[in-house]
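Dear colleague,

Please read the notes with the coordinates open beside them.

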Amino acid sequence: MRRLCLLTMMLTMMFLACAAAPALAWGGQGHRLIAELAYARLTPAARAEADRLLATGAARQVDGCMLVTFADAATWPDCARSRDPFRATYEEHFDDIPLFGRTAKRAYCPNRVCATEAIKRHRAVLADRRASDGARLEALSFLVHYIGDIHQPLHAADNHDRGGNDVKVIYLGAATYRSPFNGEQVQNNLHGVWDTPLVSAALRADGGGRADIERLVDGNLRRWSAFAPDRWARESHALAVREAYGRLPAPMSPNAPPSVLVEIDPAYVDGAVPVVKEQLARAAVRTAAALNATLR
């Protein structure tokens with residue numbers, strides 16, 4: 001166990017400089033992995049239609065945001081949302097289900113603006129063969145991305161802390177990471193840890209983590225394939241309660257982030273890695289199943 005913890009620490013420290021900005025679920029690495037695994041499991045008809053839409057290049061052009069490959073489709077919404085005309089999509093990336101108590105969906109998804117409802121809307125657009133190629137290509141990208149988003153536990157939970165973005169942490173001894181946007185040192189936070197370094201720890205430098213995820217995908221293609229965004233969100237929320245927040249060294253107070261830095265140690269990382277692997281696998285299975293059913 002000590003050797004495993006040391007290996008985990010070394011691997012994750014290598015990736016601290018790549019920690020994601022607030023609310024970018026899984027970071028590019030996780031989203032692209034989900035897309036690659038899903039694409040490999042599309043039916044010939046679904047793959048042909050996805051490829052055709054991508055080849056049209058009919059989506060609205062967004063400076064600096066590429067939408068050429070299927071993997072691009074998985075990350076394009078995070079790039080596009082910081083630019084016009086897609087700024088209004090920001091709140092579609094998560095369901096802010098309160099960490100404590102029970103709350104009606106209309107309270108945390110006002111006007112049906114949240115990830116689960118966006119998944120349903122974009123699937124309907126993608127299925128509509130009368131819609132323009134541009135509208136359907138954008139719907140394809142948003143659908144792939146949001147399915148990935150809702151499987152990141154901290155995109156389905158909130159404690160008045162922006163899904164863990166305001167929970168400041170010391171991650172394996174490091175209080176800050178270097179921002180990939182401006183090069184400045186930025187305080188580590190709980191959400192960012194689940195976005196990127198935990199994905200890197202799950203994949204491992206030797207690639208063995210990806211093989212583990214592939215086995216989970218292929219072993220659960222039928223069991224995990226139902227299209228049920230609200231159930232997916234409840235699954236992720238339960239993991240956020242039990243794992244992301246619940247395994248922190250100090251209990252969370254309702255409706256407020258901790259006032260002190262929270263330490264995330266190798267034991268926390270070792271416990272989180274299996275959760276990350278399974279959630280990435282679930283997202284891949286459900287992305288492929290949704291597209292296979294929609295692009296028949």
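Two helix axes count as roughly antiparallel when the angle between their N-to-C directions is over 145 degrees. Please keep in mind that this is a predicted model.

The axes of helix 6 (residues 115-127) and helix 7 (residues 133-150) cross at roughly 150° and come within 8 Å, and helix 6 and helix 7 are therefore roughly antiparallel to each other. The crossing of helix 6 past helix 7 is left-handed. On the helix 6 side the contact involves Ala115, Thr116, Ala118, Ile119, His122, Arg123, Val125 and Leu126, while helix 7 contributes residues including Ala139, Phe142, Leu143 and Tyr146. By class, the residues of this contact divide into 13 nonpolar, 2 polar and 2 charged.

Helix 6 also packs against helix 12 (266-294), at an angle of about 35° and with the axes 9 Å apart, and here the crossing is right-handed. Arg123, Leu126 and Ala127 of helix 6 meet Ala290, Leu291, Ala293 and Thr294 of helix 12, which gives 5 nonpolar, 1 polar and 1 charged residues in the contact of helix 6 with helix 12.

As for helix 2 (residues 27-39), its 13 residues should span 18 Å at 1.5 Å a residue, and this agrees with its end C-alpha atoms, which are 18 Å apart. The buried residues of helix 2 are Gly27, Gly30, His31, Leu33, Ile34, Ala35, Leu37 and Ala38, and among the elements that cover them are helix 4 (70-80), helix 7, helix 10 (208-219) and helix 12.

Definitions and conventions
Residues are numbered from 1 along each chain as its sequence is written. This is a predicted model: local features need pLDDT of at least 70, side-chain atom pairs count only at pLDDT 80 or more; totals for chains, interfaces and linings use all residues. Side-chain values use heavy atoms; hydrogens and water are left out. Axes are lines fitted to C-alpha atoms, for helices over the stretch in contact, and angles run from 0 to 180 degrees between N-to-C directions. Helices (H or I, at least four residues) and strands (E, at least two) are DSSP runs, numbered from the N terminus. Angles under 35 degrees count as roughly parallel, over 145 as roughly antiparallel, 65 to 115 as roughly perpendicular and the rest as oblique. A crossing is left-handed if the near helix is turned anticlockwise from the far one by less than a right angle, and right-handed if clockwise. Contact means heavy atoms within 4.5 Å. Ala, Val, Leu, Ile, Met, Phe, Trp, Tyr, Cys and Pro count as nonpolar, Asp, Glu, Lys and Arg as charged, and the others, Gly among them, as polar. The expected span of a helix is 1.5 Å times one less than its number of residues. Buried means under 20% relative accessible area, exposed over 50%, partly exposed in between (1.4 Å probe, protein chains only).
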